[in-house]
Amino acid sequence: MSKFYITTPLYYVNSKPHIGHSYTNIAVDALSRFYRMKGYDVFFMTGTDEHGEKIERAALAKGLKEGEEKKFVDEIVLTFKNLWHKIDVQYDYFIRTTDDYHIKSVQVILDKLYKEGNIYKKIYKGWFCTPCETFWSDAQSDDGLCPDCKRQLEKLDEENYFFKMSEYQNWLIDHVNSNPAFIKPDFRKNEVLGFLKEPLLDLCISRPKSRMSWGIEIPFDKNFVTYVWFDALINYISGIGYPHDMARFKKYWPADFHIIGKDILRHHAVYWPVMLHALGIEPPNTIFAHGWWVVKGEKMSKSKGNVIEPLKLIEDYGIDAYRYFLLREVSFGLDGTFSEETLILRYNSDLANDLGNLLNRTLTMVEKYFEGKVPEVKGQSSNVKGAEELKTKAISLAEELNDAMPQLDFAGVLSKIWDVINTANKLIEDSKPWALSKEKKADELASLLYSLLEALRIISLSIYPFMPSASRSIMAQLGIKEDTEKMKLADIKVWGRLKTAAKVNKSKPLFPRIET
Ligand code: MSP
């Protein structure tokens, strides 16, 4: 069985998750569900990044004392886990950087790199951005401000350990150039190559305990802890068994995808592959950086009070609408503007009007004309004009998904699924089932309704990666008893799976219209 190993970033636990965090996890969940449907052995890992100054400060601000950080992070971790369960994010493993095996893995790696001469000590004179947990040189600092987040940097002048990243610059440039799928989208690859035009500086990988002690102790010097990014990136291999379960590690590595936000591209596409290369481990196959959700043109931040809370949106519009909106509204890779008004527009047009209506009117007709049972088709479905087109379009969705999902083109494939939904709605308008009934054309009516039901079965399977609970509900209403989780991509390709005479179960509208 082919494996598919996919990861999300590990989220900082300084505050509760917001819509940006949920975006990555929903995208990775959709991909994982798709690959499970394809029959792959999927390993979807997410988790939390729990060390470092930013977390320590958040814990202290909550009134905890130094040494009590773990209490603080334990609570926030629950809010992440809870959200993933609420929004149908079905991960296989949740890693925390405070887990024992992860700490050991980081220390084994540090020891190895140190012994092999990849780590050395020197005075660090430069800048540090605590909100970004990133070191910057004099040349990079923007008049004392962080070049990324524009907040005030702190001047550092202290002894630290450094990782010899500079030695691997040429290797990395070659690797990026000779592996076109390594950094995606392509414009992000160019961004990294641009960055690599400047000499790569060695990476400071420690913090003196006297300044900040909430981290993984450096195994060869007890006065230091590990720099949080060096610690966190290692999760991608420690979580699958490096070095304590090498059989599992070899089964899943290299990762097929690291999905990240554009803000952490450099850490993933520069630091991480170089760390792996120095360890003699091959790089991941693809690092895909998606865009950011902004609100009224501005970054979300607590101080601006414009942070969008997923839980409130789910309460108001439901899990499926939330997931659908994020993946449909903006092409994955680009930035998007979040507003509740656009969410409502999409909801009413795509979910209530198109999909919800198709399901509702089809089932109403099955109840009215066929006693709520899947009608038997006598003769050819081509008796009904337009039914063949619907069938061809519907079964082609398997290929559409197969092409689009590895490219992370969620918006593109959703629009193809909606094309089938609209074709089905148009078929109802054009073939006028109410007239067929009046004219007693029972065979044509049966054929038409069977086509609509079968198209709905295929649609429900195709939306499964994006809206698993809507998919389940449509299946149940169509009277399908099999477990949705066991459905395969091959079930989309075959027309005629619905069993004649099976009882449908029309229930209340899946997506009731939202009146504004
Ligand atoms: N802890 C690091 C990642 C370490 S990975 C080994 C980190 N954490 S974070 O919590 O600050 O952000 C993680 C990710 O959340 C971002 O890369 C991005 O994927 C996502 N997002 C956070 N805010 C976002 C938006 N406003 N919009 C979209 N995604 C954003 O960085």
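This is a predicted model: local features need pLDDT of at least 70, side-chain atom pairs count only at pLDDT 80 or more; totals for chains, interfaces and linings use all residues.

Trainee: How many cavities of 30 Å³ or more does the structure hold?

Mentor: On a 1 Å grid over the protein atoms alone, a cavity is a set of points where a 1.4 Å probe fits but cannot get out. Points are joined across faces, edges and corners, and a volume is the space filled by probe spheres set on them. With the 30 Å³ cut-off, the count is 1.

Trainee: Which helix gives the largest share of the lining of the largest cavity?

Mentor: Lining residues have an atom within 4 Å of a grid point, and among them here are Gly356, Leu359, Asn360 and Gln477. Helices are DSSP runs of H or I with at least four residues, strands are E runs of at least two, and both are numbered from the N terminus. The largest share, 3 residues, comes from helix α13 (residues 340-370).

Trainee: How are α18 and α19 oriented to each other, roughly parallel or roughly antiparallel?

Mentor: Axes are lines fitted to C-alpha atoms over the stretch in contact, with angles from 0 to 180 degrees between N-to-C directions. Helix α18 (residues 442-462) and helix α19 (residues 468-477) pack at about 155 degrees, their axes 8 Å apart. Angles under 35 degrees count as roughly parallel, over 145 as roughly antiparallel, 65 to 115 as roughly perpendicular and the rest as oblique. The two helices are therefore roughly antiparallel.

Trainee: Which residues in α19 meet α18?

Mentor: Contact means heavy atoms within 4.5 Å. From α18 come Leu456, Arg457, Ser460 and Leu461, and they meet Ser471, Ile474 and Met475 in α19.

Trainee: Where does Pro243 lie?

Mentor: Most peptide bonds are trans. The one joining Tyr242 and Pro243 is cis, with omega about 0 degrees. As for its place, Pro243 is in the loop between α8 (235-238) and α9 (246-252).

Trainee: What is phi of Asp88 near?

Mentor: Most residues other than glycine have a negative phi. Asp88 sits in the loop between α3 (69-86) and β3 (93-96). Its phi is positive, near 65 degrees.

Terms used:
Residues are numbered from 1 along each chain as its sequence is written. Side-chain values use heavy atoms; hydrogens and water are left out. On a 1 Å grid over the protein atoms alone, a cavity is a set of points where a 1.4 Å probe fits but cannot get out, and a pocket is an open set with protein on both sides within 12 Å along at least five of seven lines; lining residues have an atom within 4 Å of a point.
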